[in-house]
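Please look over the model below before reading on.

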Amino acid sequence: MADGLSVFLVEDEALIRMMIADMVEELGHHVVAEADNVRDASAFAMTAQYDLAILDINLMGVYVDPVADLIERRGKPFLFATGYGPELLPSLLRRRPILRKPIAMDQLKAMIDSMFPEAPAKTPH
């Protein structure tokens, strides 16, 4: 992981997705796959090569839990980025880390650092 983590980003709002992708890049990681709906996200969840997934909970009115289930089956770590609370998630997914929107760079860095203490990351400017 000399050049940071590979991140799979699932977010239905294009501007928010771009903002999170920029933060991921600024922290020294890279986004390798992006999706804005459950169908595309499900395909990437099973086929993309990534170290971490960041998932919005609600994608155009459809909950992301089927995607989270696929990622969990692969044994990949993931976190939720949402304006909603964990009560919208099935109980087994409520134990996953949640970043509240709007996401701050230092919160994203702290969450990634706690999940991947060995991963090199840049300090945000």
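The numbered points below take the annotated site, then the aromatic residues.

1. Basis. This is a predicted model, in which local features need pLDDT of at least 70 and side-chain atom pairs count only at pLDDT 80 or more, while totals for chains, interfaces and linings use all residues. Residues are numbered from 1 along each chain as its sequence is written, and side-chain values use heavy atoms, with hydrogens and water left out.

2. Annotated site. An unreviewed UniProt entry carries the annotation "modified residue: 4-aspartylphosphate" at D56. UniProt positions are given in the numbering used here, feature names are shortened, and annotations may be inferred rather than shown by experiment. D56 sits in the loop between β3 (52-55) and β4 (58-59); strands are DSSP runs of E, at least two residues, and helices are runs of H or I, at least four, both numbered from the N terminus.

3. D56 counts as buried because its relative accessibility is 4% (buried is under 20% relative accessible area, exposed over 50%, partly exposed in between, with a 1.4 Å probe and protein chains only). Leaving aside neighbours within four places in sequence, its contacts (heavy atoms within 4.5 Å) are V10, E11, D12, V64, A81, T82 and K101. With K101 there is also a side-chain to side-chain polar contact at 3.3 Å (N or O atoms within 3.5 Å, one able to donate a hydrogen and the other to accept it; residues adjacent in sequence count only if both atoms are side-chain atoms).

4. Aromatic pairs. There are three in the structure (Phe, Tyr or six-membered Trp rings with centres within 6.5 Å; planes under 30 degrees apart are stacked, over 60 edge-to-face, the rest tilted). F8 and F44 are edge-to-face, because their ring centres are 6.0 Å apart and their planes lie at 65 degrees. F8 belongs to strand β1 (residues 6-10) and F44 to helix α2 (residues 38-47), so this pair ties together parts 36 residues apart in sequence. F8 is buried at 0% relative accessibility, whereas F44, at 31%, is partly exposed. F78 and F80 also pair edge-to-face, with centres 5.5 Å apart and planes at 85 degrees; both are buried.

5. Y50. Ring pairs join F8, F44 and Y50 in a cluster. K76 lies over the face of Y50, 5.4 Å from the ring centre (NZ of Lys or CZ of Arg within 6 Å of the centre and within 35 degrees of the ring normal).
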